[in-house]
Amino acid sequence: MSTKHLLTAVLAAVVLIAVAVLGRGTGETIADSTTSGQSAATAEGAAGDPTDVPEAQTATAGAAENAAPAREAPVAGRLARLTPDAAARGWQLFLDKRCIDCHAVWGRGGDQAPDLGAASSGAISEGRLAAALWNHGPRMWTKIEDLKLPVEPISNEEMEDIFSFFFYVRNMDAAGDPRLGRLAMLRHGCRECHQVSGRGGDLGPDLSKWARYTNPVLWVQKMWEAGPAMREAMKEKGMEWPVFAPGEITDMIAYVRSVSPSSDKIYLQLGVPADGARLLQEKRCLSCHEVGGSGGEAPDLASVSLPGNIAEAAVNVLNHLPAMLTLMGERGIEPQHINAQEMAHIVTYLLSQTYIEKSGNAEQGEAIFTAKGCIDCHGKGTQAAPALATMHAEDSAAYFSHAVWNSGQKMLKELIADGQHWPTLTHAEMLDVLAYMRSSAKAGPAGE
Ligand code: HEC
Ligand code: HEC
Ligand code: HEC
Ligand code: HEC
């Protein structure tokens with residue numbers, strides 16, 4: 001039974017990755033450190049990682065205060081649910097609910113369906129996930145029937161965990177390319193001041209020892225710390241502060257690793273968004289930035305358009321360092337010391353701001369609900385379909401997705417019996433429909 005054997009082997013491998021990537025333990029070795037998942041991992045002298053949820057929640061509520069009109073209040077709750085622990089549970093569910101039978105994650109797992117680890121189309125968000133699950137539902141359920149797999153029911157909490165898993169996995173960094181990394185270092189003139197494998201200037205420290213730090217966040221944090229001195233040195237040499245293009249930092253790390261003998265690896269733990277929210281306050285970022293406000297001199301951190309991974313999000317902070325230093329100087333704000341783990345929390349928080357979206361438009365949602373024919377079955381409800389007012393959209397896209405996962409097959413059969421096609425929803429439409437369902441559930445006669 002070689003297929004069975006293969007499946008067992010693949011599952012074992014995937015579990016290994018999961019342990020390495022999502023395990024909160026320290027220092028596990030990821031089979032190949034230059035592949036995805038660099039951002040898992042444990043910091044050099046990282047301070048303990050107190051995931052104090054109540055505290056984090058308050059801090060978050062504080063940070064998101066300006067952002068949040070009353071009806072967005074659940075944002076703090078949703079942020080608190082995004083944790084490495086939730087992601088680890090989500091990963092276990094991904095196995096238990098047999099998603100892995102069809103889907104791979106980073107190339108390991110089934111090959112019947114898209115690889116869900118690959119960040120195919122930029123940043124990930126709740127609404128995008130819900131839309132993807134909705135739109136792909138019919139083919140997925142048909143395939144499940146074809147393969148005679150059971151549709152494992154998924155609870156709301158479980159879907160939240162699966163969403164968390166997607167948030168972390170999709171934000172992992174891609175592997176760097178050492179060849180491109182060498183070119184990037186040349187382009188930015190790093191070797192004017194730094195040695196790598198015995199060649200280069202000596203104004204700054206030898207970067208070879210940095211081969212141990214596979215995690216781009218660690219590099220960014222070190223460059224943030226070295227920023228003021230490095231900028232001075234650059235000024236003296238008439239050099240501009242480097243603005244890194246996407247991918248360059250991971251490429252440079254791959255290069256330094258490829259020419260350095262060190263085989264140790266220093267890992268960082270996954271960031272916790274709620275801790276990042278607290279740190280924005282502690283590190284005085286909020287003395288210039290707002291989160292979700294109308295902004296002052298500094299960009300609104302809730303609407304920074306971030307590339308879909310941690311390395312690039314971290315680099316984004318770095319690219320703006322000189323302008324920040326200038327303004328800090330003017331305002332008499334000391335540059336803050338930020339350790340690597342704190343940087344990971346902050347960056348993960350910034351990514352979570354893309355992930356957790358603002359509510360859609362309920363009025364538009366109503367129009368879509370009508371135009372797509374949802375109203376035909378869900379308006380007053382039918383024998384099989386629940387009436388809109390009794391459907392609980394609650395506060396999250398994950399809630400909607402869990403309900404659709406559990407009911408989808410039945411809904412699909414009704415549609416087919418009616419001679420209709422499955423109505424697809426774009427990302428924006430999904431947000432509007434969710435907003436509409438939420439308002440109807442609250443306003444409806446049968447509301448809770
Ligand atoms: C029987 C096979 C099968 C199982 C089991 C399965 N899926 Fe899928 N899934 C598919 C197929 C096939 C597609 C692509 C459908 C399409 O192209 O329309 C898909 C698409 C998706 C997508 C959209 C992907 C994208 O690129 O936008 C997501 C998200 C997803 N599945 C999540 C899950 C989750 C979560 C589970 C487990 C709870 C699961 N799937 C279980 C077959 C499966
Ligand atoms: C003009 C000189 C100069 C250039 C060009 C330069 N650096 Fe630096 N770099 C320095 C100096 C000086 C320090 C030490 C600052 C300090 O002591 O705080 C430093 C520190 C660092 C550190 C922290 C090292 C440690 O051990 O703490 C890293 C990482 C780093 N640089 C990376 C880079 C990269 C990557 C580039 C190219 C994009 C680059 N530097 C370009 C001068 C430079
Ligand atoms: C003294 C005011 C000030 C402080 C303090 C400050 N920033 Fe900034 N920040 C700025 C300014 C001004 C810019 C825009 C810089 C530019 O245009 O290059 C910026 C840009 C950014 C960007 C890029 C935004 C974009 O649109 O891409 C990020 C991310 C960021 N800061 C994060 C932080 C974090 C995290 C902290 C705290 C550790 C912080 N900032 C502290 C003033 C500040
Ligand atoms: C042909 C009739 C029909 C149409 C059209 C239809 N649905 Fe459904 N839907 C159903 C049925 C039947 C169920 C309940 C299945 C069950 O009980 O498991 C359902 C269940 C659901 C659920 C889960 C309800 C819950 O609370 O558990 C959601 C969410 C949902 N539909 C959303 C929509 C949306 C959004 C549209 C339009 C884009 C739509 N439906 C169009 C028949 C339909």
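Which helix gives the most to the shell around ligand 2?

## Ligand 2

In this predicted model, the helix in question is α9, spanning residues 216–236, which gives 8 residues to the shell around ligand 2, the most from any element. The shell around ligand 2 counts 22 residues, and those that come nearest are Cys 190, Cys 193, Gly 204, Ala 226 and Ala 229.

## Ligand 1

Ligand 1 is surrounded by 22 residues, of which Cys 99, Cys 102, Ala 113, Ala 132 and His 136 are the closest. Two or more residues of this shell are given by each of the elements α5 (99–102) and α6 (126–146), and α6 supplies the largest share, with 7 residues. When the shell around ligand 1 is divided by class, 13 of its residues are nonpolar, 4 are polar and 5 are charged.

Asp 177 is placed in the loop that runs between α7 (156–170) and α8 (178–188). Asp 177 is classed as partly exposed because 18 other C-beta atoms lie within 10 Å, whereas a buried residue would need 20 or more and an exposed one 12 or fewer.

With residues up to four places away in sequence left out, Asp 177 touches Asp 251 and Ala 254. Although Asp 177 and Asp 251 are 74 residues apart along the chain, their C-alpha atoms are separated by 4.7 Å.

Conventions: Residues numbered from 1 in each chain as written. Chains lettered and ligands numbered in written order. Predicted model: local features only at pLDDT ≥ 70, side-chain atom pairs only at ≥ 80, totals over all residues. Near = placed C-beta within 6 Å. Helix = DSSP H or I, 4+ residues; strand = E, 2+ residues; numbered from the N terminus. Contact = placed C-beta atoms within 7 Å. Nonpolar A, V, L, I, M, F, W, Y, C, P; charged D, E, K, R; others polar.
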